[in-house]
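Dear colleague,

Please find below the structure that I am handing over to you. My notes on what was found in it follow.

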Amino acid sequence: MKKSEKTELTISKILEASMNEFGKNGYSGGSINSICNTGINKGLIYHNFEGKDDLYLTCLNHSCKKLISHLNEQERTKNLQNYMSARMDFFNKYPRESRIFFEALLSPPPHLLSQISQMLSEFNRLNEKMYNRTLDSVILRDGISREDAISYFHLMQLMLNGYFSSPTFHNTDLSEKIEIHEMIVSKLLDYMLYGIAKGEN
């Protein structure tokens, strides 16, 4: 086996063990020692990665790319309903990637916030793209510009993520939190686009 192939295999093994570790325990609960307990030499980890932060960010990058790839498959971004369904499909199929992704989205390690924001940017752009595509199919009320609608969308995103980062959900199982999050996102988008009132009496 060539040296490059051996290095690639080593990195792959480290990444797999790290995905399992952070996918189960999150950033704060995950540790390099636990990864080493799977049979990986600590020296090999530090030879290929700078430390825990580097490993975590590599796992997050892998999770984000896998999510974006899943969402872009076939006709998944054709309309908002398909898109939201595809999101939930991913979160059900890939629990460890979902744990890593949602931790970064809702309660990121503060000292990694800048790097995490950059990694989540493509997901955020895809969300905005889907919202813009949906706006193309509706007629905005008088006095509401497209820029207003986009600004409101961003505000609701921040408020929703803040709500799920609050003590209200600290003791909620992650899979349940994801399901509730996605259900509320779908409802909020529906309310934002089509309103909650039937009309004037």
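In these notes a residue is called exposed if its relative accessible area is over 50%, and buried if that value is under 20%. Please bear in mind that this is a predicted model.

The notes centre on helix α9. The buried residues of α9 are Lys177, Ile178, His181, Glu182, Val185, Leu189, Met192 and Leu193. Seen down the helix axis, these buried residues fall within an arc of 130°, so they line one face of α9. An α-helix has 3.6 residues a turn, so residues three or four places apart point the same way. On the other side of α9, Glu179 and Tyr194 are exposed.

After α9 comes Gly195, which has a positive phi, near 80°.

Leaving aside residues up to four places away in sequence, Met84 touches Glu182, Val185, Ser186 and Leu189. By contrast, the C-alpha atoms of Met84 and Pro109 are separated by 27 Å, with the two residues 25 apart along the chain.

With kind regards

Key: Residues are numbered from 1 along each chain as its sequence is written. This is a predicted model: local features need pLDDT of at least 70, side-chain atom pairs count only at pLDDT 80 or more; totals for chains, interfaces and linings use all residues. Side-chain values use heavy atoms; hydrogens and water are left out. Buried means under 20% relative accessible area, exposed over 50%, partly exposed in between (1.4 Å probe, protein chains only). Helices (H or I, at least four residues) and strands (E, at least two) are DSSP runs, numbered from the N terminus. The arc is that of the directions from the helix axis to the C-beta atoms. Contact means heavy atoms within 4.5 Å.
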